[in-house]
Amino acid sequence: MSAVRAAPDTRPAQDIEAVAPQLQAYTQNLLFEDVWRRPELSPRDRSLITMSALVAGGHTAQMPGHLNRALDNGVKPIEITALITHLAFYSGWPSAMSAISVAKEVFKARGIGPEQLHPASDPLPVDAANEAKRRAAIEQTVNPVAPDLARYTNDVLFGDLWRQTDLTARDRSLVTVAALIAEGQTDQLAFHLNRAMDNGLTQAQAAEVITHLAFYVGWPRATSAVTVARTVLDARGH
Amino acid sequence: MSAVRAAPDTRPAQDIEAVAPQLQAYTQNLLFEDVWRRPELSPRDRSLITMSALVAGGHTAQMPGHLNRALDNGVKPIEITALITHLAFYSGWPSAMSAISVAKEVFKARGIGPEQLHPASDPLPVDAANEAKRRAAIEQTVNPVAPDLARYTNDVLFGDLWRQTDLTARDRSLVTVAALIAEGQTDQLAFHLNRAMDNGLTQAQAAEVITHLAFYVGWPRATSAVTVARTVLDARGH
Amino acid sequence: MSAVRAAPDTRPAQDIEAVAPQLQAYTQNLLFEDVWRRPELSPRDRSLITMSALVAGGHTAQMPGHLNRALDNGVKPIEITALITHLAFYSGWPSAMSAISVAKEVFKARGIGPEQLHPASDPLPVDAANEAKRRAAIEQTVNPVAPDLARYTNDVLFGDLWRQTDLTARDRSLVTVAALIAEGQTDQLAFHLNRAMDNGLTQAQAAEVITHLAFYVGWPRATSAVTVARTVLDARGH
């Protein structure tokens, strides 16, 4: 994977040069040649969080270019499918179903067949201590109001989805954090930022996720995420 | 109306089996065969809140299937039109205009003509006590900043839209609550959840609205709604 | 520019009359003949904030009509390009890229060529006192968590984008405020509402921005904006 392939295809951007030369200049010089090449996150990670922002935001028109780039940046087809499946739960089924239709076309065009898209191995084991703490929180907050939502959260979301092996726990956290920032859902961001760091995301990477997303979901959502990140980092003694 | 018809058409889902077998399995076994068949809400209610989530989220690609299923689940054509018209005010005109274009095609394909789409009867009478309380709140909060918005709120939104008979007050509340949860607008959720329960929504149904929407707008929005619901239920002494 | 041209083209609305007569009546009598004609904001300002709401909300299907109306209402082609470029930073690149594709088609259909779309003059000078205050705030809030985001905010967002002359500072504020309200991003609204009023937006115009947007992004987002506006107005001694 070369640095040149890290950034999305620039053809759509060149196409807009005549109409929006300033936007084209920002896209080329700032976004592709600067942000996407910064070493704080790998191109693969940037593709994961960009795809998550696109799925969460329903930006189907921008997906084909970024799906191709994600594959070029080393995201495996099954990881793309797993990312979209994960976001069915975090951004809702309609966002996921629209995204999977786009992915299907991209896979077809690249000759990616079903044999590359079937997860095989057994679910990950449960981290008993962390899981007990998480269950206790759900018991206190969700269960008194919506007991069946608490049950689905325990049995399906954390008991099944998060244990699938087609994405690593660290990548699931990355995808979840990106979707929460994209949706402006700061309520759940502290929990998932902590979980992401428990799963291996460093402080510098967390900062870079927010910085990258400023360009993909807008400065306001990123700025709100900074506020949450600060309380998380402070509590972790960073 | 049979239980079999309660869930959306599964053909688009089967279509994605080759690309996303895990998402397809969740869609079939969890969403259609479990969630949609739960007795806490009727298939008709589930169609109303699913449609509201789709309109509020701008998910036009997912609308034809759910519009057809809504009609199969007993939602009348005029109620679909009324739902979209209602959401022009709660999700904005662009969302409503895009949705009505999709509805138009679905109606045409099913041979539903204008004679089924004209409301006829007089507006509902005003509940004077509740209305006075609501006006007083607007007077205090909106009027000092944006007096014309206060006027439109009183005269058009509550004085006209909510009194239309093409949706019952209870269904309008259901649609409004679903849209607020879909938009992540927790500020107004307590007021409308209370109003929904005043209009006949039970505590178990309110919990199930949130549980159903977890799948259609994502877990984070649903979890934020649980927090608001808890304060509402506590204040009502549930 | 005549009052008759202030409102969007009514043809799409007439097209929906058979399906949604009540929505059509609201669109014609309330939105076009009442709201769009209110003197508190010019048709040009209404087009700017409507376009901002459409870009921020990803409502590409509704853009051609409103882009044409914006041009009819006196928004220059280069201002439309500048608005979309500005919102790349405030709503994210995917929203801007989708919008610019629509704008390109509308420009082509009206024979608007590249010679009308190139900004020429030097960047605006910096207001040193305000800029120092803004930088100090970023230094305190963003820099400890995400130093590169702070740097981009200072050097690119405020040091470059806001100084471009293809939109006035007042119009950039109008566009930013509209996008924040559309996105439900109340965290940053106080800062930008203050900045808008520093840039010349009157109290009555600020109220009318919110009132107009109630129809384009829905009542809930507008109501949340009212709460923020009240604290801003109080602090400014209005």
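C:Gly113 is buried, because its relative accessible area is 12% and the cut-off for buried is under 20%, with exposed over 50% and partly exposed in between, for a 1.4 Å probe and protein chains only. The residue sits in the loop between helix 7 (93-109) and helix 8 (128-141) of chain C, where helices (H or I, at least four residues) and strands (E, at least two) are DSSP runs numbered from the N terminus.

A word on the model. It is predicted, so local features need pLDDT of at least 70 and side-chain atom pairs count only at pLDDT 80 or more, while totals for chains, interfaces and linings use all residues. Residues are numbered from 1 along each chain as its sequence is written, chains are lettered from A and ligands numbered from 1 in the order in which they are written, and side-chain values use heavy atoms, with hydrogens and water left out.

Two residues of helix 13 in chain C come next. C:Trp219, in helix 13 (residues 219-235) of chain C, is buried at a relative accessible area of 4%. Its contacts, meaning heavy atoms within 4.5 Å, are B:Phe89, B:Tyr90, B:Leu149, B:Tyr152, B:Thr153, B:Leu157 and C:Ala214, leaving aside residues up to four places away in sequence. C:Thr223 is also in helix 13 of chain C, but counts as partly exposed, at 26% relative accessibility. The C-alpha atoms of C:Thr223 and C:Asn199 are 24 Å apart, and the two are 24 residues apart along the chain.

Now the aromatic rings. Over all chains, the search of the whole structure gives 33 aromatic pairs. Rings of Phe, Tyr and Trp (its six-membered ring) pair if their centres lie within 6.5 Å; planes under 30 degrees apart count as stacked, over 60 as edge-to-face and the rest as tilted. One pair is A:Trp36 with A:Tyr216: the centres are 6.3 Å apart and the planes stand at 85 degrees, so this is edge-to-face. That pair links distant parts of the chain, 180 residues apart, with A:Trp36 in the loop between helix 3 (21-32) and helix 4 (43-57) of chain A and A:Tyr216 in helix 12 (residues 203-217) of chain A. Both A:Trp36 and A:Tyr216 are buried.

Another pair is B:Tyr152 with C:Phe215, edge-to-face because the planes are at 90 degrees, with the centres 5.4 Å apart. This one crosses between chains, from helix 9 (residues 147-158) of chain B, which holds B:Tyr152, to helix 12 (residues 203-217) of chain C, which holds C:Phe215. B:Tyr152 and C:Phe215 are both buried. There is also one aromatic cluster formed by A:Tyr26, A:Phe215, A:Trp219, C:Phe89, C:Trp93 and C:Tyr152.

Charges over rings are next, where NZ of Lys or CZ of Arg must be within 6 Å of the ring centre and within 35 degrees of the ring normal. In chain B, B:Arg195 lies over the face of B:Trp162, 4.1 Å from the ring centre. In chain C, the charged end of C:Arg195 is over the ring of C:Trp162, at 4.1 Å from its centre.

Which residues have the most contacts inside the largest nonpolar core? They are A:Phe89, A:Phe215, B:Phe89, B:Phe215, C:Phe89 and C:Phe215, in a core of 255 residues. A nonpolar core here is a set of buried Ala, Val, Leu, Ile, Met, Phe, Trp, Tyr and Cys residues joined through side-chain atoms within 4.5 Å. A:Phe89 touches residues including A:Val156, A:Leu157, B:Tyr26, B:Phe215 and B:Trp219.

Last, the largest pocket. On a 1 Å grid over the protein atoms alone, a pocket is an open set of points with protein on both sides within 12 Å along at least five of seven lines, and lining residues have an atom within 4 Å of a point. The pocket is lined by 49 residues, and A:Gly57, B:Gly57, B:Gly58, C:Gly57 and C:Gly58 lie nearest its centre. Helix 4 (residues 43-57) of chain C contributes the largest share of that lining, four residues.

Conventions. On a 1 Å grid over the protein atoms alone, a cavity is a set of points where a 1.4 Å probe fits but cannot get out, and a pocket is an open set with protein on both sides within 12 Å along at least five of seven lines; lining residues have an atom within 4 Å of a point.
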